[in-house]
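Open the model in your viewer and keep the selection tool ready. We will go from stop to stop.

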Amino acid sequence: MIEQITGKEQATAIIIAINFNRNPDFEDDVAEAIALTESAGYLVSQVITANKDKPDVALFIGSGKTDEIKSICEAINPDVVIFNHNISPVQERNLDRILNRRVIDRTQLILDIFAARASTNEGILQVELAQQSYLMTRLVRRWSHLERQRGGIGLRGGPGETQMELDRRMIATKVDALKKRLATIVKQRNTQRKSRLKSGIISVSIVGYTNAGKSTLFNSLTKANVYAENRLFATLDTTARKLFIDEDHEVVLSDTVGFIRDLPHKLVAAFRATLEETIYANILLHVVDTSNSVKERQIADVNLVLREIEANHIPQLLIYNKIDLIDGVIPHIVYSETGEPIAVYLSASKNLGFELLRQAIVEKIDYQKLANEHKQDLIYEPWKNR
Ligand SMILES: Nc1nc2c(ncn2[C@@H]2O[C@H](COP(=O)(O)OP(=O)(O)OP(=O)(O)O)[C@@H](O)[C@H]2O)c(=O)[nH]1
Ligand SMILES: [Mg+2]
């Protein structure tokens, strides 16, 4: 897709967002869909919304709405039609045919952004792995191309199925090769981590919903220059830097890829190597965009992904960022009843509350007595036995 958008004209998209069961957060979901689409490099020509109770089996949106979208497509001729939902391969195939252009669902859109952002060897391998795994679940679509080539309608069995089996085998071979190459990288990392753990350095990982301000915080704290932008998934690869908090406390701080709601499990799994800094962190700084009206849901979504990668047991310090956008909130630390710091309110871009953050990190470390924890035994081998 990046080839398209670096051409003379920016590729255009229309977005389809369906409000199922009067979702109270629907407007925020639409805003997120626009941000994702723009982050993928498209110009949004139109957003089409509708209310529905449940998806239509064949077309996801039903035939009436499909006809409406078809006319809009004919009138404004967008390059792609983006559904802010995960649609089934059959639905995608049907819509693709009727609308006569590329239909992209939410997962594919996120994969496209990842593919465009991946820069390190590891990042590229992981995106490829995620794409192949996704392809595997959508072979019906590839079969439909075959069908189209042959001009057949409703062909069943015979050559189609053979082709699908071939495709499946080809993808499985690719996936295996990718996993092997990733495993080598992961092994090197494990060795590095082992020596770091032996030396007793505490590792602190910044996690959070995409666009919460993780990289901005990382840069301000470490004076690094990691890419931070008002885009979703600005960061794809993990970066780590040493950080002296005070004379007694030195930590390794990592910036990581952002999370987003409804990420398919397969995709999360493919990114485990990148997320391993998170998995083995002693403390997580969970950054929240305090100005976002759905921040509570975003916190829950991040916690869901953390559970998926088995990082939910790691002590968290919630970082309520962007307080400069909210009237009357000043930097402060929130403590639990037992005196454990649980949240810090600050602004990463305005450098507000950094002293309090340092204090809270030290207090958190001391509270958890993390320095002596026995993390050495945990060596990460994600592709083993899979
Ligand atoms: N007003 C305000 N904006 C902020 C603050 N911190 C970060 N931002 C802005 O929020 C946007 C996202 O910041 P990033 O640091 O790239 O966010 P991220 O969490 O790293 O995002 P991803 O890497 O895409 O997941 C940028 O436009 C920042 O300038 C803050 O304290 N106040
Ligand atoms: Mg970032």
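Start with helix α9, residues 214–222. This helix gives the largest share of the shell around ligand 1, with 3 residues. Bear in mind that the model is predicted.

Which residues come nearest to ligand 1? Among the 25 residues around the ligand, they are Gly 213, Ser 215, Asn 230, Thr 235 and Gly 258. Color the shell by residue class.

Next, select strand β5, residues 202–208. Is the strand mostly covered or open? Mostly covered: 7 of its 7 residues are buried. In β5, Ile 202, Val 204, Ile 206 and Gly 208 point one way. Ser 203, Ser 205 and Val 207 point the other way. Both sets are buried.

Strand β7, residues 249–255, pairs with β5 in the parallel sense over 5 bridges. To find your place, look for Ile 202, which stands opposite Val 251 in β7. Strand β8, residues 283–289, also runs parallel to β5, and 5 bridges join the two.

Move to helix α6, residues 121–136. Pick its end C-alpha atoms; they are 23 Å apart. Why does that agree with its length? The helix has 16 residues, and at 1.5 Å a residue it should span 22 Å, so the two values agree. Then color α6 by burial. The buried residues include Glu 122, Leu 125, Val 127, Leu 129 and Ala 130. Glu 128, Gln 131 and Gln 132 are buried too.

Now for the largest nonpolar core. It has 78 residues. Select Ile 16, Ile 82 and Ile 319, the residues with the most contacts inside it. Strand β1, residues 12–20, gives the most to this core, with 6 residues. Zoom in on Ile 16. Leaving out residues up to four places away in sequence, Ile 16 touches Ile 48, Ile 61, Ile 69, Val 81, Ile 82, Phe 83 and Asn 84.

Finally, zoom out to the whole protein. Count 13 helices and 11 strands. Of the 386 residues, 36% are buried. Turn to the contacts with a separation of 6 or more: residues 24 or more positions apart account for 70% of them.

Definitions and conventions: Residues are numbered from 1 along each chain as its sequence is written. Chains are lettered from A and ligands numbered from 1 in the order in which they are written. This is a predicted model: local features need pLDDT of at least 70, side-chain atom pairs count only at pLDDT 80 or more; totals for chains, interfaces and linings use all residues. A residue is buried if 20 or more other C-beta atoms lie within 10 Å of its own, exposed if 12 or fewer, and partly exposed in between; C-beta atoms are placed from the backbone. Helices (H or I, at least four residues) and strands (E, at least two) are DSSP runs, numbered from the N terminus. Two strands pair if DSSP finds at least two bridges between them. A residue is near a molecule or strand if its C-beta atom, placed from the backbone, lies within 6 Å of it. Two residues are in contact if their C-beta atoms, placed from the backbone, lie within 7 Å. The expected span of a helix is 1.5 Å times one less than its number of residues. A nonpolar core is a set of buried Ala, Val, Leu, Ile, Met, Phe, Trp, Tyr and Cys residues joined through C-beta atoms within 7 Å.
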